[in-house]
Amino acid sequence: MSRDGFVSFFHHRYSKTVVLLIAMGASRADAEDAAQEAMIAAWQQWESIREPIAWVRTTATRKFWKHSHQHPLTSPLDQTTPQPAGSDPDLVIFAEEQRRVLSLLRRLPAAQRVITALYYDGLPVEEIVKVIDKPAATVRSHLRHARKTLKEVITSDPPRPPTPDP
């Protein structure tokens, strides 16, 4: 791939990578850091990368995991009381519907959250297996449990009235 294509790729994929990492449980700052590091590494190796979307996704995910294991949260996301979508400072940049979805994902246990985020980012089960190095049956089980949990949370939360246009 030519280096000229990198700029277009960066503009198309950077924000999607940040959103994926936030959906996986990263703070906005950590997601941006990991995405930037992955993009820098991609630029440095651009000529040899065959599948840039997969390469950047995997690199950013690994950078986030490495950082999160070196600097664990004082209280993991899946053990905290969920906050309303509008009160999470990491989600302020998103539209209301996006904040609601990300807030729901943050209610899932970490393994389910990561797998669900990857799945909704477009990865089939076979690719998720490669990224997280878990058996396909485990990935499918986590997806099934995540869907069940999300369905329970969605049906137990009272519906919100539509926000009036300004």
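How many helices and strands does the secondary structure of the protein comprise? The predicted model contains seven helices and zero strands, where helices (H or I, at least four residues) and strands (E, at least two) are DSSP runs numbered from the N terminus. Read from the N terminus, the order of elements is α-α-α-α-α-α-α. Because the model is predicted, local features are reported only at pLDDT of at least 70 and side-chain atom pairs only at pLDDT 80 or more, while totals for chains, interfaces and linings use all residues. Residues are numbered from 1 along each chain as its sequence is written, and side-chain values use heavy atoms, with hydrogens and water left out.

The protein has 166 residues, of which 37% count as buried; buried means under 20% relative accessible area, exposed means over 50%, and partly exposed lies in between (1.4 Å probe, protein chains only). Contact is defined as heavy atoms within 4.5 Å. Of the contacts between residues at least 6 apart in sequence, 65% join residues at least 24 apart.

Two helix pairs that involve α7 were examined. Helix α6 (residues 125-132) and helix α7 (residues 136-156) have axes that come within 9 Å and cross at roughly 110 degrees. This angle makes α6 roughly perpendicular to α7. Axes are lines fitted to C-alpha atoms, for helices over the stretch in contact, and angles run from 0 to 180 degrees between N-to-C directions. Angles under 35 degrees count as roughly parallel, over 145 as roughly antiparallel, 65 to 115 as roughly perpendicular, and the rest as oblique. On the α6 side, the contact is formed by Val 125, Ile 128, Val 129 and Ile 132, which meet Ala 136, Val 139, Arg 140 and Leu 143 of α7. The residues of this contact comprise seven nonpolar, no polar and one charged. In this classification Ala, Val, Leu, Ile, Met, Phe, Trp, Tyr, Cys and Pro count as nonpolar, Asp, Glu, Lys and Arg as charged, and the others, Gly among them, as polar.

Ala 136 lies in helix α7 and is partly exposed, with a relative accessible area of 28%. When its neighbours within four places in sequence are left aside, Ala 136 is in contact with Val 125 and Val 129. The C-alpha atom of Ala 136 is separated by 6.7 Å from that of Glu 126, 10 residues apart along the chain. Asp 133 belongs to the loop between α6 and α7 and is exposed, with a relative accessible area of 68%. Phi of Asp 133 is near 60 degrees, a positive value in a residue other than glycine. Most residues other than glycine have a negative phi.

Helix α5 (residues 110-120) also packs with α7, at an angle of about 95 degrees and with the axes 9 Å apart. The two helices, α5 and α7, are therefore roughly perpendicular. Ala 111, Gln 112, Ile 115, Thr 116, Tyr 119 and Tyr 120 of α5 meet Val 139, His 142, Leu 143, His 145, Ala 146, Arg 147 and Thr 149 of α7. This contact of α5 with α7 divides into seven nonpolar, five polar and one charged residue. Ala 111, located in α5, is partly exposed at 38% relative accessibility. The C-alpha atoms of Ala 111 and Met 24 are separated by 8.9 Å, although the two residues are 87 residues apart along the chain.

Ser 15, in helix α1 (residues 4-23), is partly exposed with a relative accessible area of 43%. Ser 15 and Ala 35 are 20 residues apart in sequence, and their C-alpha atoms are 8.4 Å apart. Ala 26 occupies the loop between α1 and α2 (28-45) and counts as buried at 1% relative accessibility. Leaving aside neighbours within four places in sequence, Ala 26 is in contact with Leu 21, Ala 31, Phe 64 and Arg 106. The C-alpha atoms of Ala 26 and His 67, 41 residues apart along the chain, are separated by 9.9 Å. Thr 58, in helix α3 (residues 52-70), also counts as buried, at 16% relative accessibility. A polar atom of the Thr 58 side chain lies 2.9 Å from the backbone oxygen of Ala 54.

Notes: A polar contact is a pair of N or O atoms within 3.5 Å; within protein, one must be able to donate a hydrogen and the other to accept it, and residues adjacent in sequence count only if both atoms are side-chain atoms.
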